[in-house]
Amino acid sequence: MRRALREARKGLGWTSPNPCVGAVVVQNGEVVGAGYTRPAGERHAEYFALRQAGKGARGASVYTTLEPCCYYGRTPACTEELLASGVRKVVSGVRDPNPRVDGEGFRQLQRAGVETAVGLCAREATRQMEGYLKFVETGLPFVTLKMAMTLDGKIASPSGESKWISGESARRHVHQLRHENDAVIVGINTVLRDDPQLTARHRKRVRNPHRVVLDGRARTPVKSHLLRESLSCGGKTIIVVSRDANPRRVSELNQAGAEVWQAPLSRGGISLRWVLRRLGKMDCRGVIFEGGSEVAASALETGIVDRVLLFVAPKLLGGRDAIPVIGGRGLGSLGKAAVVREWTTRRMGEDLMIEGALSPPLVRAEETAG
């Protein structure tokens with residue numbers, strides 16, 4: 001199963017809106033076939049693993065990170081391919097909550113005499129597919145809040161200087177995250193201060209996310225990097241304005257290549273839940289909030305953040321006027337503080353990466369089926 005998880009990682013960023021899935025065929029303790037799901041519309045992991053195994057699949061065990069699909073979509077059902085190959089057993093990491101599957105993949109295999117089991121490496125498989133799993137269950141994308149800060153919790157000097165708090169290794173990791181996710185969201189102050197590109201630039205072949213700016217008054221400059229590159233780098237540049245934004249500015253942004261959304265207000269700012277629902281309707285499974293401090297505060301106070309990712313640089317900025325990592329009014333008391341669960345740390349060059357979940361884990365309780 002760990003080999004299947006490694007296979008699945010090869011598809012990260014390319015398979016959305018489908019999940020990244022890995023599959024391995026094992027005969028007499030030896031791996032005879034391995035594969036991973038390709039971009040949407042192409043074949044699934046089981047197909048490639050079985051094709052590599054060939055006749056070695058007969059009587060073998062197959063390990064998949066997700067329950068095999070059991071219906072015809074843009075590709076044939078994986079359960080039919082597994083049955084045709086003559087496999088003896090199928091072990092999956094997690095059950096697929098998609099209503100068109102949801103245990104039926106296992107039941108089809110069981111009716112044909114194939115042994116099934118689910119729950120092996122479930123935590124790791126869930127983590128790998130958390131965007132897909134949340135979307136299927138809620139219709140909303142999985143939200144990661146990413147921030148880079150100094151050791152004393154600052155993201156910029158009083159004048160707004162923030163390049164570069166984190167080092168090269170951390171920035172490369174962020175580019176990989178952009179490749180893996182469907183949209184990146186920032187506030188207008190980040191655009192005015194940093195003029196970011198919000199693209200993935202860590203290697204030659206990438207999939208760029210949609211770039212979303214929360215810009216109530218439509219102040220995004222038409223000559224910003226976001227708009228100059230909107231037609232050439234893939235993904236959309238989306239400017240979310242309030243419904244009373246200046247019509248002339250909205251027209252200028254449209255003409256510059258942006259897709260402008262006019263959103264309702266909530267708590268005096270753009271409704272983040274409305275934005276997420278709209279992104280969900282675009283089949284966005286994973287979204288990163290990248291800044292700044294007021295956007296981070298709004299996301300936390302709204303309760304939409306699933307995971308936090310903090311890059312802590314070994315620097316001390318000081319000053320009560322320096323911009324803190326989380327702005328807003330705060331949650332008022334320690335009893336209301338957002339709790340980071342299952343957190344991990346990792347060195348990222350000179351920086352420290354701290355990552356953890358803000359919501360109950362999606363790991364399912366079942367251990368076996370069949």
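Strand E3 (residues 61-66) and strand E4 pair in the parallel sense over five bridges, where two strands count as paired if DSSP finds at least two bridges between them, and where strands (at least two residues) and helices (H or I, at least four) are DSSP runs numbered from the N terminus. This is a predicted model, in which local features need pLDDT of at least 70 and side-chain atom pairs count only at pLDDT 80 or more, while totals for chains, interfaces and linings use all residues. Residues are numbered from 1 along each chain as its sequence is written, and side-chain values use heavy atoms, with hydrogens and water left out.

Within this pairing, Leu66 stands opposite Val94 in E4. Five of the six residues of strand E4 (residues 89-94) are buried, so E4 is largely enclosed by the rest of the structure; buried means under 20% relative accessible area, exposed over 50%, and partly exposed in between, with a 1.4 Å probe and protein chains only.

The loop between E4 and helix H4 (104-111) holds Asp102, which has a positive phi of about 40° although it is not a glycine. Asp102 is partly exposed, its relative accessible area being 33%. A positive phi, near 70°, also belongs to Asp283, again a residue other than glycine, and Asp283 lies in the loop between helix H11 (272-281) and strand E14 (286-291). Because its relative accessibility is 36%, Asp283 counts as partly exposed.
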